[in-house]
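Please keep the sequence and the coordinates open while reading.

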Amino acid sequence: MRLAGRERLGFYPLPTSEAERIRRCLRFPDQQCSALDPCIGDGAAFAVITSDKKVLRQGVELDAGRAEQARAKGNDVIHGNCFDVQSPVESFSLIYLNPPYDFEISEEKSQRMEKLFLEHAHRWLKLGGILVLVVPAKRIADCAVLLSIHYRDIRVYRLTEPECVRYQQVVLIGIRRTRQERDRLRDSEIIHMQLWLGSLERELQELPPLPPEPDHPYVLPPGGPVRLVHRGLPLDQIEDLLLKSSAYRQASAVIYAQQADVTGRPLTPLHGGHVGLLCTAGMLNGIFGDGETRHIAHWQSIKLVDKSEEEEDGKTVIREKERFSNELTLVFCTGEITSLR
């Protein structure tokens, strides 16, 4: 995952228009039912997909800000890591899963997060419950074994919104098999399903787009409230208490050392090399001048490439030589900006 994606904890929200199409594929029961989003984000897509008065919406979110946004949309949200959450098995009527698109980040572990989230959360889905999985097409293959054994009536649609096309996202909808259905399942059926799921990346453009009107409605089974329990560390409380800890006070003197003020004249005159080191070290940055000549000075070291051409054996050879120079940027109070090298 790119650094920008890691900064937002792998949050790639589903566009509302795609969520509305998924919603039309679902048929909610007349009684209550519970729905779960293990990576709820800001809760916008999940609220659209489960827009029914009888649905009890629950979610898990690692980011504190997005957890608050999801709560504001009427979701019961746990702020924490989904892998630290426990729930009774076979409890939810619907699980909507749009997990982070990344690998594990730990020593000797390189499994895809899409597969890990599915393995962790699908146990909480009722037998006969509906799974809605949104992932890049090439990641369906990582989940093919679990899906082919535990789910039936699987349909995969290509998502067509620009952001979804960018990440080649698809939505998979399936019904969790009962134990009797799994026992009657033949090996040939499992292998055939795995081969088909593994080929979706190559056949992405041949997949049907998610239709505005459903071609195969999925009926959710009824179900009551489900209790989720977070067994992980209280991240917000730890962050608040960290500043008061003795360990933090001892380490802060090193990590956040106070900037020393350098004053006085040097013992010997400075030559060009000394001045260059002071400039690029940022010790000559600051605000200077008065009136209209008042300005901000910022020095930095830059790399330049000098090119030269030479004739060798009747051929023109271009030679490049790298060198470093100092660049000074001046920003005047009048708005004028000047760069000097």
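L62, L233, L235 and I238 make a nonpolar surface patch of about 340 Å². The model is predicted: local features need pLDDT of at least 70, side-chain atom pairs count only at pLDDT 80 or more, and totals for chains, interfaces and linings use all residues. Residues are numbered from 1 along each chain as its sequence is written, and side-chain values use heavy atoms, with hydrogens and water left out.

**Nonpolar patch**

- Patch residues have over 30% relative accessible area and no salt bridge; like charges are joined within 9 Å, and nonpolar side chains (Val, Leu, Ile, Met, Phe, Trp, Tyr) within 5 Å.
- Accessible areas come from the Shrake-Rupley method with a 1.4 Å probe, and for residues only the protein chains shown count as cover.
- L62 sits in the loop between β3 (55-61) and α4 (64-72). Helices (H or I, at least four residues) and strands (E, at least two) are DSSP runs, numbered from the N terminus.
- L62 counts as partly exposed because its relative accessibility is 38%. The classes are buried (under 20% relative accessible area), exposed (over 50%) and partly exposed (in between), with a 1.4 Å probe and protein chains only.

**Four-stranded sheet**

- Four strands form an open sheet in the order β12-β13-β14-β15, with antiparallel pairing. Its edge strands, β12 (286-288) and β15 (337-340), each pair on one side only.
- On average, neighbouring strands of this sheet are turned by 45 degrees against each other, direction ignored.
- Two strands pair if DSSP finds at least two bridges between them.
- β13 (residues 295-312) and β14 (residues 315-332) are antiparallel and share 18 bridges. Among the bridge partners, I302 faces S325 in β14, and K307 has E320 in β14.
- The β13 and β14 hairpin has two residues between its strands, and D313 in the turn has a positive phi of about 55 degrees.
- β12 and β13 pair in the antiparallel sense over three bridges. I287 has I296 in β13 as its bridge partner.
- The hairpin of β12 and β13 has six residues between the strands; there G289 takes a positive phi near 85 degrees.
- Helix α12 (residues 272-280) lies across β13 and β14, at about 120 degrees to β13. Axes are lines fitted to C-alpha atoms, for helices over the stretch in contact, and angles run from 0 to 180 degrees between N-to-C directions.

**Salt bridges**

- Side chains of opposite charge can pair when their charged atoms come close.
- The rule here is a side-chain nitrogen of Lys or Arg within 4 Å of a carboxyl oxygen of Asp or Glu. By this rule the count is 16.
- R21 and E18 form one, with the closest N and O atoms 3.0 Å apart. Both residues lie in helix α2 (residues 16-24), three residues apart, about one turn of the helix. Both R21 and E18 are buried.
- D215 and R155 form another, at 3.9 Å from N to O. This pair links distant parts of the chain, 60 residues apart: D215 is in the loop between α9 (187-198) and β10 (218-219), R155 in strand β8 (residues 151-158).
- D215 is partly exposed at 46% relative accessible area, and R155 is partly exposed at 32%.
- E322 and K303 meet at 3.7 Å, N to O. E322 is in strand β14 and K303 in strand β13, so this pair ties together parts 19 residues apart in sequence.
- E322 is exposed at 53% relative accessible area, whereas K303 is partly exposed at 48%.
- R152, D153 and E181 are linked in a salt-bridge network.

**Backbone and a buried histidine**

- D153 is found in strand β8. Its phi is positive, about 50 degrees, although D153 is not a glycine. D153 is partly exposed, with 37% relative accessible area.
- E90, also a residue other than glycine, has a positive phi near 55 degrees. E90 lies in the loop between β5 (85-86) and β6 (92-97). Its relative accessible area is 25%, so E90 is partly exposed.
- H122 is in the loop between α5 (113-121) and β7 (125-136). H122 is buried because its relative accessible area is 6%.
- Not counting residues up to four places away in sequence, H122 touches I95, L146, H150, Y151 and R176. Contact means heavy atoms within 4.5 Å.
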